[in-house]
Amino acid sequence: MQRNGGVVGNGSQSWVLRRVRLTWLSFMLFFILVFFPLIAHYYLTTIDETSGPDRRIFGPRPGGELCEAKHVQDLCRIRESVSEELLQLEAKRQELNGEIARLNLRIEACKRSIDSAKQDLLQLKNVISQTEHSYKELMAQNQPKLSLPVRLLPDKDDPGLPPPRSVQSCRLHTCFDYARCPLTSGFPVYVYDTGSYPWGENIDPLVKQAFASSVKSNVYVTDNPSIACIYVVLVGEIHDSSPPPSPLDLEKQLKALPYWRSDGHNHLLVHLSRKSLTQNFLYNVSTGRAAIAQSTFLERQYREGFDLVLSPLVHALSEPNFLEVPPQVPVKRKYLFTFQGEKVESLRSSLLEAPPQSFEEEMEGDPPADYDDRIIGTLKAVQDSHLDQVLVEFTCKNRPKPSLPTEWALCGEREDRLEVLKTSTFALVISPGDGQLVASAGCNMRLFEALEVGAIPVVLGDHSRLPYHQLIRWSEAAIMVPKPRITELHFLLRSLSDSDLLAMRRQGRFLWETYFSTSESIFNTILASVRTSIQIPAAPIKEEPAQEIPHKAGKMAGTDANMADNGDLDLGPVETEPPYASPRFLRNFTYTVSDVYRTWNHAPGPFHLFPHTPLDPVLPSEAKFLGSGTGFRPIGGGSGGSGKEFQAALGGNVPREQFTVVMLTYEREEVLMNSLERLNGLPYLNKVVVVWNSPKPPSDDLLWPDIGLPIVVVRTEKNSLNNRFLPWDAVETEAILSIDDDAHLRHDEIMFGFRVWREARDRIVGFPGRFHAWDVNHQSWLYNSNYSCELSMVLTGAAFFHKYYAYLYSYVMPQAIRDMVDEYVNCEDIAMNFLVSHITRKPPIKVTSRWTFRCPGCPQALSHDDSHFHERHKCINFFVKVYGYMPLLYTQFRVDSVLFKTRLPHDKTKCFKFI
């Protein structure tokens, strides 16, 4: 036990000793690490302070003392040498930096010089290219320049042409003297005064007054008979109280006319009828080579291609109220078809003993087989079947109107007949039972009334000659059915679709308004028919003379980089030649040769000659490389290309051209100047026409920007939004960019719109889109400017259109529309969209994705007023009433450039950077 205890005691003692040693070592290590640095610091500090400021060991000392030592002197020399070299290097560095800055400036100047030289080189290349094109075009022209033909005027005592074999054989080539009507004569017309011949006193006063009014306003009428192409004689209608002259007396009086020249060549005898029964007193009268224009013709009397079938003169002095004409929709009306008439039987028994001499007696002789009994039975059967609601009456409730034998007489008064026709989808016009009567005033009166109220005429009898049938395609406005097909008539009428019916109704409205509605339109149509038959073009439509306001140009306008930015591509070649106008009147005689039917059967009709139209034919693609390349600038010379080649030439399907900016403004000079400056550098711009709509002239100290192109400031007679669309003579291009003075468009947007318009010349191509919406509650139309996937209008505050539509807007479109634009000072853009859609039956084209184009910071426009939209609602519904239907059409797409969002190889570029 002790042993064990001793062992334990010794172990405990050794453990304590080890602890003591470890503690002592730790204390000594701590003392050394803490107190020794403190003592050393104190000692060194005390030595440094007791030695004085000049004997500091660690402080800075003067250079001389430190260098007393030999080895330190070497280090000082090295230091001084290095310091001197560093100063030299610093000076040299600054010198090099200055040289670098000077070289950078020279580099920038060289870059600018290179860019300028490149631009000059590009312009020089364009000049060379344009010169080469012009040279080739001049060499390719093999048509000699012809002077105008000399006017051929016969002597006053000219005996005329040899007489024809018979009066009935007269045709233009045998009875008309073309020598009096050169192609460039302008078609002068001399009209006899009704007081210069005896029977003129017996003509209906209303007819004479209406005729005189029409003559006074006609552009072809001349007071000089020696230069006249044709001579017009008003021969009727004779007043009811006056007996018509006998055939013998009438022949003598005609031959006594001062310019009859023995045979009456180039004379036109006009007989205007106001009633359903008219006196055909020219029958059995030898009229020589004079043509006859009237409503009633016997087959033996009518000379095809020489005489004219006229419509009746219903509105002699009063103008028809177009607002009272019923709308063209709904297509289907109450009655499928209607007919009211009573047939006058002939009294053949009283005429059997004597040969026919007068017109009425001739009508009684040997009529052919008549289908009128079958027509009556068939129509009654349709009415009794009640399959469709029809109205047929073969007996007049009151006394029927006087009519010719074998002709269906009119029933009731005109107002009562029109009320029935307003509820009729079709109106039956039964031709006279005697086939010898090829045209009658009664049938033409039925035709006129049907067209007036929108009932589609159904003419039973294919032997009838309708007014101006040589020129008017009546199949587009009326249904011609032979009488033997009367049993199939009901089936035929029910088979027509709504779109076909509305197209025929719209065409009938066009024919009625253009050719038959007023005395002026009837007289113009008579002259246009003769003029067209002898291939003389119409008189040029007038242009609005621009009264320019003098102004002075200021400093050269700069080019906004944001306006012209298109990446690395130019927007077009910089034209160095002066602005060039679009060719004019290239198709003067084509209209009277190849486009006769299109001209006569589509608005605006044959009364005007336009300098150019958007409907001119386009050459096939290879023609521009095979002899017909005058004016064409194909992309890549014909090989095509991407952006670079695309921007270097216009390409397309028509020759090169420029466009004119027409900008309407009113007392916003600062906004106007900013807008004009933004046009600087715009390719293919011909000129800018500023329509100054304010009565106050521009400020005297106003400096206009110099954009390198003419700026024509036009003074207007009054403040009217219609002035925007006047066909100013200062506009010499087909393309017009109509733009508001506060519209903000980039150059690439304008150029893209111009290129798109060149491929759709008959449509409005622009930027802000709008649409018309149907108000279900009020059953009317609303104007809507909300964002929509469907649009029907492009506002003309930023749009391209053809100058042709400026003529139509100002001189052809109904005056009531322009009056409403002036009344509201609004809606001119809607009116233009209505007009173009009515003419083309196509919607406009919207380009780019932007919806509005107002410039930031510009004064507030009229369109921000709350009443603005209410007025536009009223405008749309009023315009629909004038046209008779809604001409606007919807479209669901916009146009972007071909390579937009297309991935291209690195060596290709897009047509436009942002479009």
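Searching the whole structure turns up 38 salt bridges. Keep in mind that this is a predicted model.

Start with Glu513 and Arg509, whose closest N and O atoms are 2.4 Å apart. Both sit in helix H12, residues 498-516, and they are 4 residues apart, about one turn of the helix. Arg509 counts as buried, at 5% relative accessibility, while Glu513 is partly exposed at 28%.

Next, Lys803 and Glu543, with the closest N and O atoms 2.5 Å apart. This pair links distant parts of the chain, 260 residues apart: Lys803 is in helix H19, and Glu543 is in the loop between helix H13 and strand S15. Lys803 is buried, with 2% relative accessibility, and Glu543 is partly exposed, with 22%.

Then Arg598 and Asp595, where the closest N and O atoms are 3.3 Å apart. Here Asp595 is buried, at 13%, and Arg598 is partly exposed, at 28%. Shared partners put Arg587, Asp595, Arg598 and Asp616 into one salt-bridge network.

Now the sheet. It is open, with 3 strands in the order S24-S23-S25 and antiparallel pairing. S24, residues 780-784, and S25, residues 793-794, are the edge strands; each has a single partner, so one side of each has no neighbour in the sheet. S23, residues 769-775, is joined to S24 by 5 bridges, and His772 has Tyr783 in S24 as its bridge partner. Helix H22, residues 866-883, lies across S23, S24 and S25, at about 135° to S24.

For the chain overall, 48% of the 915 residues count as buried.

Terms used:
Residues are numbered from 1 along each chain as its sequence is written. This is a predicted model: local features need pLDDT of at least 70, side-chain atom pairs count only at pLDDT 80 or more; totals for chains, interfaces and linings use all residues. Side-chain values use heavy atoms; hydrogens and water are left out. Two strands pair if DSSP finds at least two bridges between them. Helices (H or I, at least four residues) and strands (E, at least two) are DSSP runs, numbered from the N terminus. Contact means heavy atoms within 4.5 Å. Axes are lines fitted to C-alpha atoms, for helices over the stretch in contact, and angles run from 0 to 180 degrees between N-to-C directions. Buried means under 20% relative accessible area, exposed over 50%, partly exposed in between (1.4 Å probe, protein chains only). A salt bridge is a side-chain nitrogen of Lys or Arg within 4 Å of a carboxyl oxygen of Asp or Glu.
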